Amino acid sequence: MSVIVMSCENTSDKNNAHLVFRYNEHKNIGSLDPAFSKDLADIWATNQLFNGLVQMDDNLNIKPCIAKDWTISEDALTYSFTIRNDVYFHKHEGFRNDSTRPVIADDFEYSFNRLIDKQLAPPGSWVFNKVDSFKAVNDTLFRITLKQAFPAFLGLLSMKYCSVVPKEIVTLYGTDFRAHPIGTGPFLFKRWEENLKLIFRKNKHYFEQDSNGTKLPYLEAVAITFLPDKQSEFLQFAQGNIDFVSGLDASYKDEILTATGELRPKYAERAKMIRGPYLNTEYLAFYMDSEIPEMQSELIRQAVNYGFDRKKMMIYLRNGVGIPANGGFIPKGLPGFNETVGFTYQPEKAKQLIAQFKNETGHNSPEITITTTSNYLSFCEYIQRELQKTGLIVNVDVIPAATLKDAKANGKLAMFRASWIADYPDAENYLSLYYSKNFAPNGPNYTHFKNQQFDTWYEQAFTETDTKKRELLYSKMDSLIMEKTPIVPLFYDEVVRFTRKEVTGLGINPINLLDLRRVKKAIRK
């Protein structure tokens, strides 16, 4: 009898496999409380369980979510949101009659107050730095007033930090809400064996539908495992035990991809690859307050930008994954990006600039030192080899990541490798690195770049409510940065996803958010 039961269970599991989406989270998950969704692993999980006022589509457009619409005052300081009346929290015994209840504006007032609670100290409190006040006017009207105009504010509200949570359940569990999450999302929490497995089930009362009027989500469940290394994760994917792998790790990049970034034939039969821009710019930076002549010279800084082939670098070191940064600092995929403002590979031009520096300064052996971490040593060594062909002496200094972070913040490095991943999907986030009032260590301006025209445009962008005009200002600022060359953009990263052939509807987006609402799985043959 037991053999028959086990056989039936195995057959049932196999027949229902197309209803369950399985993935591995090698970095583990620290909390399922959206107020603490700082890391991508946590964000992916909480995105299945919670919703906010607004959401972002795959093209970074702000769309309604629990707020069905909103208005913005003429001075761009007051945002008024109309709350839907058909959104319900997941069922829980903590609600009256062991049931659920609809979301009202008061829930957002509670959730946002919780987010700025100094005793709770959630990492997302910075989202409200520019907020003067917020309040529930009535059950369906929620109002936020800013201290100053900030065009990117709706993008901030789309972050998982700003999800709505129910006061009754948070009060019931206290800090243990991290492991007993109740939200409004497309999936609801079922079970979490920390470091082993996490299970979500379909929320049958979810409020969103597809374009045909079919209720979302399509899947019945999500199962997450926690194998701690990427190589084991890839092996599980290759064996068909998980449906999806994110990112291109050195441990398997040559196994799955050709040198030009195509799937190798043995994987192309049963898997597919999705690629798209990622809001991450990798770059070299010059410290503009350095007393070293080479750092002060636009000739040297331009020569470095002209002196190496970014396309060849990406093929050689990343199997073609990543977009060569021939534009500015704003990455591809973000409004304001302009592919014409940067530098192309011109080795002869670089040699001429180096020769001009020698003639003008009498410095016959110009020399620079690039400080980096071991993870990016191969990139810096490639640039070193290419630039030395131009007559520039290049040294590479490798230090621990924590040491580099501290040294660049305190102006101790003349030149260093860095990256900037967007905190929110607006180009202002990138351009803030060159605003003179943001000098490190009190802000993100690690280069100490200072330009009056740039500052004027940057401040003007805050009050510009016309999206197209603001994007034009962003592009002009980016062009000015590249003209003055405080940086050397290397590449704009890409989101890379590998899925089984039977998976459809996964999609891709520049913030690498995992959205499973529209995912379907065919029955594996």
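I worked from a predicted model, in which local features need pLDDT of at least 70 and side-chain atom pairs count only at pLDDT 80 or more, while totals for chains, interfaces and linings use all residues. Residues are numbered from 1 along each chain as its sequence is written, and side-chain values use heavy atoms, with hydrogens and water left out.

**Helix pair.** I looked up helix H16 (residues 452-463) and helix H17 (residues 467-484), whose axes come within 10 Å and cross at roughly 160 degrees; the axes are lines fitted to C-alpha atoms over the stretch in contact, with angles from 0 to 180 degrees between N-to-C directions. That makes H16 roughly antiparallel to H17 (angles over 145 degrees count as such). Contact, meaning heavy atoms within 4.5 Å, involves residues of H16 including Trp-457 and Tyr-458, and residues of H17 including Leu-473 and Met-477.

**Thr-145.** I placed Thr-145 in strand E7 (residues 141-146), a DSSP run of at least two residues, whereas helices need at least four. Thr-145 is partly exposed at 23% relative accessible area, the class between 20% and 50% with a 1.4 Å probe and protein chains only. Leaving out residues up to four places away in sequence, I listed Leu-77, Thr-78, Val-131, Asp-132 and Ser-133 as touching Thr-145.

Terms used
Parallel < 35°, antiparallel > 145°, perpendicular 65-115°, else oblique.
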